[in-house]
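Visitor: I am new to reading protein models, and I would like to go through one slowly with you. Could we take the features one by one, with the general idea before the case?

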Amino acid sequence: MLGIFIAFAVNPGALFSQNGPIISEFQAINNHTIPDAEGDYSDWIEIYNPGSTINLKGWFLTDNPDDLEKWSFPTSTILQPGEMLVIFASSKNKVFPNNEYHSNFKLSGSGEYLALIEPDGNTIVHEYHPKYPAQTPDTTYGIQFNPSPSTEETFFFDATPNEKNGFGEPVVLEMASYPQRPNYADKIIIEATVTFSPNTTPRKVQLHYRAAYQNETVTAMHDDGQGDDFVANDGIW
């Protein structure tokens, strides 16, 4: 019997430099995380206010760098210092009686531009540029809190809508081992497909494994095209 798990090494980010609101977290593939007022699992975007009290009426959200006024907050929306607001990116373009906002666009799971714009329709307060990376179901992406917002973008395995983000982590998309039924003397290859945040460098993956009841062993995994890794930098370690 072989028990395994993957560990990562990541770098912390610098402190966030501005006091304006930010797009702190979003989910482009919401299969089971949170439903909207109609019971649909729509994409969603979280706005966090690290500064003084602000009214978001007239501010814009967009997924198109050529249309910075794509969707505007239609009513008075007060965000106190440290407060958050979730907007569903459902393309329903409405406000429900419980003040649940729905934009006129959805988010792309394959990655796209996303930005928050001031009421002048021109000043970009926060953007994911040129686009955020491809997403995975029921994970989120956004700004690392360490413990305050930083400039580091990262994935979050556990979504935290309306709560402060944590440190974040890479996401393991798939794991496999070969051969599936090894004999005692067989060489075993462990393969993991890992998605990292764009700014995570250096990228390191460690394999922790234990055979039967023996002591745990740690070994480095590689994505350098050497040995049993056939293609360098393809995300398969």
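Visitor: With which residue does Asp36 form a salt bridge, and how far apart are the closest N and O atoms?

Guide: Before the case, please note that this is a predicted model, in which local features need pLDDT of at least 70 and side-chain atom pairs count only at pLDDT 80 or more, while totals for chains, interfaces and linings use all residues. Residues are numbered from 1 along each chain as its sequence is written, and side-chain values use heavy atoms, with hydrogens and water left out. The general idea is that side chains of opposite charge can pair when their charged atoms come close. A salt bridge here is a side-chain nitrogen of Lys or Arg within 4 Å of a carboxyl oxygen of Asp or Glu. In this structure Asp36 forms a salt bridge with Lys92, and the closest N and O atoms are 2.8 Å apart. This pair links distant parts of the chain, 56 residues apart, with Asp36 in the loop between strand 2 and strand 3 (43-48) and Lys92 in the loop between strand 8 (84-89) and strand 9 (94-95).

Visitor: Which residues are linked with Asp36 and Lys92 in a network of salt bridges?

Guide: The network links Asp36, Glu38, Asp40, Lys92 and Lys94. Within it, Asp40 forms a salt bridge with Lys92, the closest N and O atoms being 2.8 Å apart. Elsewhere, Lys70 forms a salt bridge with Asp63, with 2.7 Å between the closest N and O atoms, and the structure holds 7 salt bridges.

Visitor: Why does Asp36 count as buried?

Guide: A residue is called buried under 20% relative accessible area, exposed over 50%, and partly exposed in between (1.4 Å probe, protein chains only). Asp36 is buried because its relative accessible area is 6%, whereas Lys92, at 25%, counts as partly exposed. Asp40 is also partly exposed, at 35%. In the other pair, Asp63 is buried at 12%, while Lys70 is partly exposed at 26%.

Visitor: How many helices and strands are there in the protein chain?

Guide: Helices (H or I, at least four residues) and strands (E, at least two) are DSSP runs, numbered from the N terminus. By that reading, the protein chain has 0 helices and 18 strands. Of its 237 residues, 41% count as buried.

Visitor: Where does Ile23 lie, and which residues does it touch?

Guide: Ile23 lies in strand 2 (residues 22-27), and it counts as buried because its relative accessibility is 0%. Contact means heavy atoms within 4.5 Å.

Visitor: In which loop is Gly109 found, and what is Gly109 in contact with?

Guide: Gly109 is in the loop between strand 10 (101-102) and strand 11 (114-117), and at 22% relative accessibility Gly109 counts as partly exposed. Leaving aside neighbours within four places in sequence, Gly109 is in contact with Ala28, Ile29, Ala134 and Gln135. Gly109 and Pro133, 24 residues apart in sequence, are 8.5 Å apart in space, C-alpha to C-alpha.
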